[in-house]
Amino acid sequence: MLWSLIKILIFVALVVGLTFGAGYLMDTGGGLRVALADWEFNLGPLQAVIAALLLIAAVWLFIKIVGFIVAVLRFLNGDETAVSRYFDRSREQKGLRALSEGMMALAAGEPRVAMSRAARARKYLGQNAMTTLLNAQAAQQAGDSRRAAESYKLLLQDEQTKFVGVRGLLKQKLEENDTNTALALAQKAFEINPKHSETQDILLRLQAERHDWTGARNTLNAKMKSGALPKAVYKRRDAVLALQTAKDVFDESSTIEAREAAILANKKSPDLIPAAAMAARSYLAQGNKKYAVRVLKKAWEAQPHPDLAAAFAEIEPDETPVERLKRFRTLTAIRPDDDETRMLLAELSLAAEDFPAARRALGDLVTRHPTQRALTIMAAVERGEGSDEALVRGWLARALSAPRGPQWCCDNCQTVHSSWGPICDNCGGFDTLSWREPSQKSEPTGTGTELLPLIVGGPAASRPVEDEGEVIDEKAVERTEK
């Protein structure tokens, strides 16, 4: 501390001296006159500058000599490394400068330059964690996976840098699609640092891809405890994993365990449609129709869905179409204005051959929100009421190019899936599928299908559509045709 203060004072004195000298040169017209005892020196401008440089060199040398003397005195006072530190200080400064330049080159996207600076830093600083990490990241950025792996393995030898080494190797294996090794490395990284959010996400995704639902639930629980996941989101995702456990148990025909897992998934997230449908079927397998109805009604209140309607129909499989239409009133009364409810009522009315009621249920849906299902149901209504065949074909032609309506869409990559799953097949996102209309609407086809109504007869001549509505499936059309 004292030596640092002395160096600062010397520097200030040097600046003051140079300032004074420059002012004196200006006053004397550029020359310099030095009188020392009986000696007198007259220096011209060039000679004065050279003398000033020599003076600076002398001061620098004096500081070095003083520093060395101080180091020797410390050594004699018992500090065994004082002299070696004095000579190593310049090497350390060069090494740190090379390390800094390497980090800047790495950030600038110049991996080759970064590797050369890492080698230079290693020359002055020796093999330490920073130079090894710089070399590993530069090699990985340059595509030299072998050198990067060697550097990451060196980091495994120190407990303080072990996690960084495992994480680096993990990212390499993920880039190489070596999921087996990546899973083992992710588990190791999770053991070292269980609160690391990125490691938790990677491990959860790899476990879900391998259908290790129990391990995934443990990882999800750790993620929630570390504070990286809100409790509401945790409940939802744990329900997703419990649902997948139930599906696997169903596949193995272990019905008791499957029922318990399905019911647990529904209790954790009542609005999860696949869990509600599976839980209802589990209650039906137990002969508990009352609980099945309760589960489906609660899920329908959250979001009407065809799978819920199908499960509700399974409660009384042998009822007549009229009886089914009457029983479904308890479900459709929950959200009567929803498009799915309107289409469901229309389908049930078609099955009961009550075509005016189907038209009323469908309402203005074919003009307000025309989808393939709504337009097809309208075609069945027209055929059931005996309308002209050209009019029926007009509705069906419109259905060919109409949007399909709500589907299982990934919220990350917008990919449409035919059925629900915990993981998006395209982007690998976990719990990203939601029941909604795709963000990308259907475009005109190359064959001009959207123009067919002009050829086969448009639906404009059909009777006015009253307010209310729902959709039909292909079986309903076949029943109407018969």
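View 1. R324 is partly exposed, with a relative accessible area of 21%, whereas E319 is buried at 15%. Here buried means under 20% relative accessible area, exposed means over 50%, and partly exposed lies in between, using a 1.4 Å probe and protein chains only. The two residues form a salt bridge, and their closest N and O atoms are 2.9 Å apart. A salt bridge is a side-chain nitrogen of Lys or Arg within 4 Å of a carboxyl oxygen of Asp or Glu. This is a predicted model, in which local features need pLDDT of at least 70 and side-chain atom pairs count only at pLDDT 80 or more, while totals for chains, interfaces and linings use all residues. Residues are numbered from 1 along each chain as its sequence is written, and side-chain values use heavy atoms, with hydrogens and water left out.

View 2. How many salt bridges does the structure hold? There are 25. In one of them, R117 meets E101, with the closest N and O atoms 3.0 Å apart. This pair links distant parts of the chain: R117 sits in helix 4 and E101 in helix 3, 16 residues apart. Helices (H or I, at least four residues) and strands (E, at least two) are DSSP runs, numbered from the N terminus. R117 is partly exposed at 27%, and E101 is partly exposed at 34%.

View 3. Which helix gives the largest share of the patch? Helix 3 does, with three residues. Helix 3 (82-107) and helix 4 (111-125) each supply at least two. K94, in helix 3, is partly exposed at 38% relative accessibility.

View 4. Look for an open sheet of three strands in the order 4-3-5, with antiparallel pairing. Strand 4 (416-417) and strand 5 (433-436) are the edge strands, each pairing on one side only. Two strands pair if DSSP finds at least two bridges between them. Strand 3 (residues 407-410) is joined to strand 5 by four bridges, and W408 has W435 in strand 5 as its bridge partner.

**View 5. D411 meets R436.** Their side chains form a salt bridge (3.1 Å, N to O). D411 lies in the loop between strand 3 and strand 4, and R436 in strand 5, 25 residues apart. D411 is partly exposed at 40%, as is R436 at 23%.
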